[in-house]
Amino acid sequence: MSHDRWRMGFHLMPPTGWLNDPNGLCQLNGTYHVFHQYSPEWPAPGAARGWGHAVSDDLVHWRHLGMAIAPDTPDETSGAYSGCAVPWEGGLRLYYTGNVKEPGDYDYVRAGRRSVQILVESPDGRALGEKHVVLRNASYPSFCTCHVRDPKVWRSDDAWWMLLGARDLDDRGLALLMRSIDGVSWESAGTVRSDGPLGYMWECPDRIMFGDRAWLSLCPQGMQDDPLSGGLHDVTCYLPLPAGEKLEGAADVTVARADARLWDHGFDFYAPQTFVDESGRTLLVAWMGMPDAPYDSAPDGLAWCHCLTVPRELSAGEGGALLQRPVPELDALRGAGHDLRPGAPLRLGHHRADVVVRGSGGPLALTLDGALHVRCADGELSLSFADERVGAGRTERVAPCGDVRELRVLVDSSAVEVYANDGQTVLSTRWFPRADALEVALTGEAAGSLWEMGDGMAGTYEA
């Protein structure tokens, strides 16, 4: 079986090798930049982990530029880990974590690990300058373990601000807040903690603003026994800050554990990062994978592994909720349209489709190839596989959603994203279909439309 059938047409993926966290998301002078964790030599043992780089003018058609940041200094010998980008007067500033695991008998939690925050400047997002270390282990509060990483930096109130994910000596996750006048010299400015247990480590912290309301996004690890996680070890959630409170200048912030909501209830979603583009939209991109997944992440012999979600436009909903919708630019890939009716399955010659279903609020189901089921019933939305071979051992994920009146499903060769009720509930999964043709079947009191989707990734990897 050719693996080419699983290459995607509108999800950013590596030409070869391994991809994970999106990094350095931004728009600079009209060009969108997506950096990402990248190991082009995967699955070779010890494959170096750095930053890959892709650019686009429209969030649909991408050009992959290969490795941008390689772990080539003594301060990143174990990997150039996740970070962010900040457009500024001089072009672009990239901040990321250099990871160093010292040789020896260490636990690498309380000893043996150096976590270094590194700055690289660029005039255009492509030509990169020298690497400058801005923070080392000694810069962090004494209550932290060696696990401090994933800087998210922004500018506000005539200062530069940084969030860092951390793990304290009591094995509780938190975020460190740092402040700088120039974006180079940093000092501690406070912490963000939850008022109840929320994992032992917070990865990939992010700050989101709509009007005067602020949200914290984070990836807590060690969540397998928490009801929020559905059994997953690592999850991704967001929490609103107390009304009227901002991170800037707040010293210490406490968020309510009870307010935590999952960004995505599917099998494959982690390390989301947001940015505000030049039109003022807040966009989100995440890794369609998991750090400690209990299933194989790719079929044997696949030359590449993982992808990113489509860019999602965020907006504030009711009660502290954040809504997610695929960016409208994706509509440009829509081709031939078809009506979708219960009892009348549609068959396409390829596995790329945009499906929109309008229901009455009663039970409905959408089935792909008789193998992947999306069901809405009794106030819940579920995603399940009938055959574990195509789902790589996955079974079912369930999310509360109320009555579903609108459902959108993006199918892209080996990726599926499900959006319910205008982005109130989302589920994402990787999928490796065995059939040559895509069959889409609808049941319930519903009707829908299906568009065949073009290939926005064609030419992405050409020199």
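Ala, Val, Leu, Ile, Met, Phe, Trp, Tyr, Cys and Pro count as nonpolar, Asp, Glu, Lys and Arg as charged, and the others, Gly among them, as polar. The model is predicted: local features need pLDDT of at least 70, side-chain atom pairs count only at pLDDT 80 or more, and totals for chains, interfaces and linings use all residues. Residues are numbered from 1 along each chain as its sequence is written, and side-chain values use heavy atoms, leaving out hydrogens and water.

**View 1. The lining of the largest pocket.** A pocket is an open set of points on a 1 Å grid over the protein atoms alone, where a 1.4 Å probe fits, with protein on both sides within 12 Å along at least five of seven lines; lining residues have an atom within 4 Å of a point. Here 25 residues form the lining. Y81, R149, E203, Q221 and P291 lie nearest the centre. By class, 10 are nonpolar, six polar and nine charged.

**View 2. The surroundings of H53.** H53 is buried, at 3% relative accessibility. Buried means under 20% relative accessible area (1.4 Å probe, protein chains only). H53 touches residues including H33, F35, R63 and G125. Contact means heavy atoms within 4.5 Å, and this list leaves out residues up to four places away in sequence.

View 3. A disulfide is a pair of cysteine sulfur atoms within 2.5 Å. The count is zero. For C144, the nearest cysteine sulfur, that of C146, is 9.9 Å away. C219 has its closest cysteine sulfur in C204, at 4.7 Å, so the gap is too far for a bond. C144 is buried at 12%, and C219 is buried at 0%.

Terms used: Buried < 20%, exposed > 50% of the residue type's maximum accessible area, 1.4 Å probe, protein only.
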